[in-house]
Amino acid sequence: MKIGSHELISPVYVAPMAGVTDAPFRKIAREFGAGLACTEMISSEALVRRHRESFRLMDLDWDYRPVSVQLMGGDPGVMAEAARMAEAAGADIVDINMGCPVPKVVKTSGGSSLLRDPELAWRVSEAVVQAVSVPVTVKIRLGWDAATRNYLAMATRLEATGIQGLAVHGRTRAQRYDPSADWAAIAQVRAAVGIPVAGSGDLRTADDSIRRMRESGVAAVMLGRGILGNLWLVRQTVARLTAGEVIPDLSWMEQIALIRRHGDLVLDYYGAERGPRLLRKFIAWGLRGFRGAARLRTMVQSVASPDDVAEVLDRALAIDPGMRVSDDAFDDGPASCEAA
Ligand SMILES: Cc1cc2nc3c(=O)[nH]c(=O)nc-3n(C[C@H](O)[C@H](O)[C@H](O)COP(=O)(O)O)c2cc1C
């Protein structure tokens, strides 16, 4: 499949996730065969004010191509300027966030609040499309709430602004991350537009992705909470969708090796001071669902140095909690997107 002129190696996207889809995370996901990864959401206002952390979020040095940069904001002029900055920083695709439900974001008229103001959403989209020469995509939810599920009008009108791809999270803003995503609605969007549509919501296994893709006809699936602590799901999903191959889950030893690799990348990228703290949640997610790993997960909370990281993982190797018995990422996973 293609986004504009970019040919993707697989129809498996990494969902943009604030606080998660940083450079190390994207690198591993792409190594496992993801066709497209996206940065964390970046506030257009912060970017045009030259906020240092926003620039860091847009650092694409470690990325496989193509890579998408997601911008958030409700001011067409500011979004256009931020998009030009993203293009200058090397973005192959600029994605517009029209789904983030967090009140802080909604107050700025960005994220999902654009679903309540379609005219403004279209102006934002138009301004960004006109500002850059790279393809522009948009990520929406189904609407603001049950009474205003305007996804079909949004999708068709956004397509008319010249965007070249759409991702649909099958929930309204009011639903946040619960209950189940409405894939029938995602299928309706797919049927209503000519641009490639990616579906997002509740893809926990490779089987979920193949079933949802068949039923809805979407061009791509977008993996979200299912890959928190389980990046191997990217590999499993790519193999299932592209070759019909069923790849087993990782054993405990393999899982610890993957966490160690992720840890090495995070320490390398952020350094010994900041890296260990950032790693805590990733290690804890990686140990989730393994009975007998609860004590390790407690230990992880005080990890503060590369030595601490090594110690937790060495201790992990000394126990054998068996196979993963559950993946509770959907129960206690973070349920918000925070703007940086
Ligand atoms: C921790 C977290 C952060 C997220 N941050 C973003 C974001 O920055 N931009 C965005 O468009 N969606 C964001 N999302 C939404 C996801 O991209 C995805 O659409 C949503 O989680 C539904 O998929 P799932 O049910 O498979 O998790 C975030 C979700 C989570 C769990």
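Which strand pairs with β9 in the parallel sense over four bridges? Strand β10 (residues 197-200) does.

## Model and numbering

This is a predicted model: local features need pLDDT of at least 70, side-chain atom pairs count only at pLDDT 80 or more, and totals for chains, interfaces and linings use all residues. Residues are numbered from 1 along each chain as its sequence is written.

Helices (H or I, at least four residues) and strands (E, at least two) are DSSP runs, numbered from the N terminus. Strands pair if DSSP finds at least two bridges between them.

## Strand β9

Five of the five residues of β9 (residues 165-169) are buried, so the strand is largely enclosed by the rest of the structure. Buried means 20 or more other C-beta atoms within 10 Å of the residue's own, with C-beta atoms placed from the backbone. Gly165, Ala167 and His169 cover one side. Leu166 and Val168 are buried on the other.

## Neighbours and crossovers

Strand β8 (residues 136-141) runs parallel to β9, joined by five bridges. Arg141 stands opposite His169. The chain goes from β8 through helix α7 (residues 151-160) to β9 in a right-handed β-α-β crossover. Right-handed means that, with the strands pointing away from the viewer, the path from the first strand over the helix to the second runs clockwise.

On the β10 side, Ala167 has Ala198 as its bridge partner. β9, helix α8 (residues 183-192) and β10 also form a right-handed β-α-β unit.

Technical notes. A residue is buried if 20 or more other C-beta atoms lie within 10 Å of its own, exposed if 12 or fewer, and partly exposed in between; C-beta atoms are placed from the backbone.
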